[in-house]
Amino acid sequence: RSAATKIDWTRITSSLGLKGSTATSLQAFKKRNDDARRKLALLQSQPTSVDFSKYRSTLNNTAVVDEIQGHFSRFRPATYDVGRQLKAIEAFEGQAVKSAEETKGRVDEEVRALEKTLGNIETARPFDELTVVCCSNPGQGF
């Protein structure tokens with residue numbers, strides 16, 4: 001739990017240069033995480049004890065209260081195997097890394113193409129040094 005509170009989500013997004021669907025998925029995950037943490041805090045702040053003696057003094061049929069108290073005392077919270085969810089998170093993480101690497105590759109390709117274009121522009125002859133060729137006979141082509 002303490003590790004989850006120390007995550008700097010904005011730093012992750014900016015330092016990894018996440019864009020598009022990867023950034024959107026990460027933001028959606030952060031929102032679900034925040035919602036779950038808020039709900040957990042709310043539930044932990046609520047009282048969990050039941051005053052059965054109050055119900056016995058209020059209700060005429062104390063057998064109902066006895067039966068409910070018996071069910072309450074025998075109740076054990078269910079345990080869940082979170083392995084499936086952890087595998088899903090790991091799969092999501094793997095897909096996010098793969099998507100980020102693909103995005104980085106496309107961005108690197110575009111940067112190289114733009115640098116090549118910029119190099120062509122910088123090494124081109126100035127406009128005033130260009131020669132204009134005209135044809136004296138309009139019917140004759142090049």
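## Aromatic pairs

Rings of Phe, Tyr and Trp (for Trp, the six-membered ring) make a pair if their centres lie within 6.5 Å; planes under 30 degrees apart count as stacked, over 60 as edge-to-face, and the rest as tilted. By that rule, there are two aromatic pairs here. This is a predicted model, where local features need pLDDT of at least 70 and side-chain atom pairs count only at pLDDT 80 or more, while totals for chains, interfaces and linings use all residues. Residues are numbered from 1 along each chain as its sequence is written, and side-chain values use heavy atoms, leaving out hydrogens and water.

## The stacked pair

Phe 29 and Phe 92 are stacked, at 6.4 Å centre to centre with 25° between the planes. They link distant parts of the chain, 63 residues apart: Phe 29 sits in helix α3 (residues 20-45) and Phe 92 in helix α6 (residues 83-123). Helices here are DSSP runs (H or I, at least four residues), numbered from the N terminus.

Is Phe 52 buried or exposed? At 10% relative accessibility, Phe 52 counts as buried. Phe 72 is partly exposed at 43%. Buried means under 20% relative accessible area, exposed means over 50%, and partly exposed is in between (1.4 Å probe, protein chains only).

Methods. Helices (H or I, at least four residues) and strands (E, at least two) are DSSP runs, numbered from the N terminus.
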